[in-house]
Amino acid sequence: MQPGPPAGMEPWQGVDWTVIVLTCQYKHSVYAFQKELEVRQKREQVPRRTILLTVEDPEAQVGSGGATLNALLVAAEHLSAQAGYTVVTSDVLHSARILIMHMGRDFPFDDCGRAFTCLPLVDPTARVESLTCNLDVLLYIMTHKLGRGSPPGVWVCSTDMILSIPTSPEVCWDDFRGARVFSLPGSVTYAQDHGVYLTDSQGLVCNIFYRGSEVQIQQCVRPDGKVPLVSGIVFFSVEIAERLLATHVSPPLDACTYMGLDSGAQPFQLSLFFDILLCMARDVNHESFLAEMGQGDMDQTRGQRNARAVLWKELRDQPLSLAYIPDGTYEYMTSSASAHLRSLTLPRHLFAQIVHSQVEKPQFLEAGCSVVNSLLEGEVRLGPGSVIQHCQLQGPIHIGPGCLLLGLDRASSSALRGLALHDVILQGHHIQLQNTSVRVFTLIGRRDDWQSPALGKGTYLNVPWTEFFQRTGIRDGDIWDTDAPPGERCLLTARLFPVFFASRSPDPQDVLWLLGSRGGDSLQAWRAAWRMSWKQVQLHLDQVATLASRRTLFFQQAQGKVRRVLEGRQDQSLLPLIRAATHEGCHGLLLTTLDQVAAQAEDPGVAARALACVADVLGCMAGGRGGLRSGPAANQEWALAFQHLERGDVARGVEELARERTKWLGRPALLVRAARHYEGAEQILIRQAVMSACRFVTTEPVEPPPRGHWVVVECPARVDFSGGWSDTPPITYEHGGAVVDLAVLVDGRRPIGARARRITQPELRLSIGTRVGEVFTELVCQSLEDLQDYCQPHAPGALLKAAFICAQIVQLPSPESLQTQLHHGFGGGFELHTWSDLPHGSGLGTSSILAGAVLAALHRAVGRAVDTHALIHAVLHLEQMLTTGGGWQDQVGGLVPGIKIGRSRPQLPLKVEVEEISVPTDFIQTLNEHLLLVYTGKTRLARNLLQDVLRNWYARLPAVVDNAQALMRNAEECAQAFSQGSLPLLGRCLSRYWGQKKCMAPGCEPQAVRRMMDALKPYVHGQSLAGAGGGGFLYLLTKEPRQKEVLEGVLAKTEGLENYSIHLVEVDTQGFSLQLLASDTSA
């Protein structure tokens, strides 16, 4: 079967339909089916601008040709009104692409017809999760395969067949005129009961045979041994469409449209294939075309003959060509139960066994069966070749082979217990009786024929009628009128199915007893009931209630999926399901389930992902309005919920979040703000998970330097060569991480540093600036209040303040004042200076490396020695306190010397392990000569990128999950390339890495950077923006050594670049340095 359209928000790739018309038999069906079309538009299965119309046929038996003419008229009428005309005009057809889809006649195995028959298919790429109906498959085929590249015109597609078209056929539309039929291959045997095309060597249709003779069918056999079947798909050029539209104003064809009927015309049946198209077939002559009329009412026959004469006159000069699709398959959906079951269970390798269903004990489902949109609780056994759709059943139940159960609710389960059904079709229906919706049940045998006379070969429940009467005590007078002709006494007209009892509602037992022997009470109750035949039930079907019940069941079973995915930590996206729930107004049940999962989760990662899903629900409810998803999340109305979460009381926190959420559902702007606060709540749980890294922070006591003596720490920058983003929480502890980093000197020096010393005054003196003494910020903190904003990353000195708390020099909150803590603990205060010679947002890991430098300096100043391993984990702790939420690669890159690969396993507590990569002798010198940094002049905005990445990760978008695995794989390959000392291999890893970064964070490549990279591409083995991208530094691995001046010349000639600069870079094999210096007067 067909996969769905590709995921994501790509531009529309298929036919941009102007109008889609769905035709149906009955007026009472229009509302239900129109809503279904609109839901598909919300799912982006059709363009948003497409006009959707559901049109009832003018008469129940107007035929496919009459339904086509009527649908074309209605479409043209809507387009004319939209264009401002007051009458129908064919001018609106000139640029229109119209798709007419015919529902066809009643279908005994689905109350919503063949179009809405559910197939056991899952589309893993769909943006919106949903059941896959036959209509969806056909709509996809028409939109993305057959219709692509076609000119304006009218497509007609029946929905009474199951099609498979694996590849998009190459159809030439150059200079096209006339009509074109699309045909799929069939066997000679299949063609004996079907329609086939006879074509010439040019692909023009010569004739159309229906149930042709052996000689006629053999004429149609193609070189592949197959015959081209009449496959229900036609394309009409604009010229033919105009001619067909013109018939609505003149008899006799006006009788096929609602306008003609409203004007008093007498309707008649018209075939699309054997009336409208046949007149264009080359071998058909005028006399035979008019003579091929069936027997029947004289007025009907006269009307059909006159209609054919008009069609011959209007269309005979138009060519009818055939497009043959050799790799496709076609199956007409007959009224045979056996054939229908085969279509739902074979070929098995194409069908999922359990589709959009929750099955508690799947081990009881045998190979070759199918379960769709159902809830099966307990022991429900299902035999091979059997199908359950739209059911909620509770075992123990045993369904043998060859059965179809459809539309049964949980209350039906008791009637099934103790039975061993086989070869039967049991259905629950919603019908309308005097404006009241009633549930009724029908039962037939798999081998029964609907129209075989009871006195002939007719059967019921797979046995002859005489045997059925004898076994049950039912008489033919119970189910047929005494004056009914023998030929009309068949299963279709037998009043077998109770629809009303005086004292209770019908249940499945009212038909299941028909499988047994004479049952006095059952027979008596059955006789007393108001019963209907299948033909009568069809006229009262309530499609609105049927589709609503299927939708309710779909979202009920979806709750089990939500729990299974979240609690099982599965890398499966729930976003398509979230979109479905919000599109169809079923988000309430989903929110309740997500609240329950979050509150009951023992793993903070599960709870955090559940809260992220709630944020996605709220974001989808906003419908793209209300502002950007990323934004502040510190409104005081949410503070109580956040406090519960901070204290570790997740259950109460989730409860308070849900209570507050109810106040923010009124309009899109409030929904978006609520979503931001749920993401804020999720960040609290991430922080608590990352805090588990604290157990790997250890120190050793050493003699502290004298008061006034400086501890000076200098650090290199880092360049990430592969694997970045896999180190970011929660990805790193849910999926694992691996990053290859280089510690580098920029223009010959370490650009990042900090120095700290103890001072006499019990206060904190903070200074932020550059190495050469330029000061950007100076602060003096004399009270705990001065430190309260340590968790606000943009507050002055926030990182430095957080470092004092992280290093446990200051306790916050505390009953003791800051001065008391400093005096009692350390005999005075501290002076702390930090510097960076790199621009803000460089992408070279500045803030994390600086955090490591500050912590190293502070610990040493108070008499603690801390090793690199401990510092790496301490920085994780500090950045969670700071709420910047960073990963571990920056501090690994800048604190550990040389070239190395850091790794973390998918588990908590979060632990980072670093391995030095051994490289060939002299390779580092070679690398230094080929590695350059280019400052792009663009400031990197990593915060927004980070929020987007985490949102996509929690949504488990398949591309993001696959990319996370690819990042780790590329990191290991990059480590091997360094070990081999291969610059070309490293370049390939680098280029691949940049592609992976762009996949992880779309929008991280500004246009100016793209121009710069394009200009440099001929000169490099590979290149990437540092860190998260979006700006900052670009690093290059050049093909030739010492290329700084050459590349400066290249960029100088490139338009649209400004404020860029090229810097020398070399690997730092020493790592960060720590020195103790005596006091100086300048300090």
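Leaving aside neighbours within four places in sequence, A529 is in contact with P498, F500 and F501, where contact means heavy atoms within 4.5 Å. A529 lies in the loop between α16 (520-528) and β29 (530-532). Helices (H or I, at least four residues) and strands (E, at least two) are DSSP runs, numbered from the N terminus. A529 counts as buried because its relative accessibility is 7%, and buried means under 20% relative accessible area, exposed over 50%, partly exposed in between (1.4 Å probe, protein chains only). The C-alpha atoms of A529 and F497 are separated by 8.9 Å, and these two residues are 32 apart along the chain.

Before I continue, a word on the basis of what I present. This is a predicted model, in which local features need pLDDT of at least 70 and side-chain atom pairs count only at pLDDT 80 or more, while totals for chains, interfaces and linings use all residues. Residues are numbered from 1 along each chain as its sequence is written, and side-chain values use heavy atoms, with hydrogens and water left out.

Let me turn to the chain as a whole. There are 36 helices and 45 strands in the chain. Taken along the principal axes, the C-alpha atoms fill a box of roughly 120 × 70 × 55 Å. Of the 1083 residues, 59% count as buried. Among contacts between residues at least 6 apart in sequence, 70% join residues at least 24 apart. The accessible surface of the chain comes to about 43,300 Å², and 50% of this belongs to carbon and sulfur atoms; accessible areas come from the Shrake-Rupley method with a 1.4 Å probe, and for residues only the protein chains shown count as cover.

The record, an unreviewed entry, gives "domain: GHMP kinase N-terminal" for residues 825-892. UniProt positions are given in the numbering used here, feature names are shortened, and annotations may be inferred rather than shown by experiment. Residues 825-892 are 53% helix and 15% strand, with end C-alpha atoms 31 Å apart. The unreviewed entry also gives "domain: GHMP kinase C-terminal" for residues 976-1050. In residues 976-1050, the end C-alpha atoms lie 32 Å apart, and the span is 53% helix and 16% strand.

I now come to individual elements and residues. Helix α24 (residues 668-690) has 23 residues, which at 1.5 Å a residue should span 33 Å; its end C-alpha atoms are 33 Å apart, so the two values agree. The expected span of a helix is 1.5 Å times one less than its number of residues. Helix α24 is mostly covered, with 19 of its 23 residues buried.

Where is L742 found? L742 belongs to strand β33 (residues 737-746). L742 is buried because its relative accessible area is 0%. Not counting residues up to four places away in sequence, the residues that L742 touches include A717, F721, L927, F978 and V1067. G893 is 151 residues from L742 in sequence, yet the two are 5.6 Å apart in space, C-alpha to C-alpha.

N928 is found in helix α31 (residues 923-930). Its relative accessible area is 17%, and therefore N928 is buried.

H877 is placed in helix α29 (residues 868-881). Is H877 buried or exposed? H877 is buried, because its relative accessible area is 18%. Not counting residues up to four places away in sequence, H877 touches M691, C694 and C806.

D409 lies in the loop between β22 (404-406) and α12 (413-416). At 32% relative accessibility, D409 counts as partly exposed. D409 and Q392 are 17 residues apart in sequence and 4.9 Å apart in space, C-alpha to C-alpha.

Finally, some details of the backbone. The peptide bond from P251 to P252 is cis, with omega near 0°, and P252 is placed in the loop between α6 (238-246) and α7 (258-262). Another cis peptide bond joins G395 and P396, with omega about 10°. Q808 has a positive phi of about 60° although it is not a glycine. Q808 is exposed, with a relative accessible area of 56%. N1059, also not a glycine, has a positive phi of about 60°. N1059 is exposed, with a relative accessible area of 61%.
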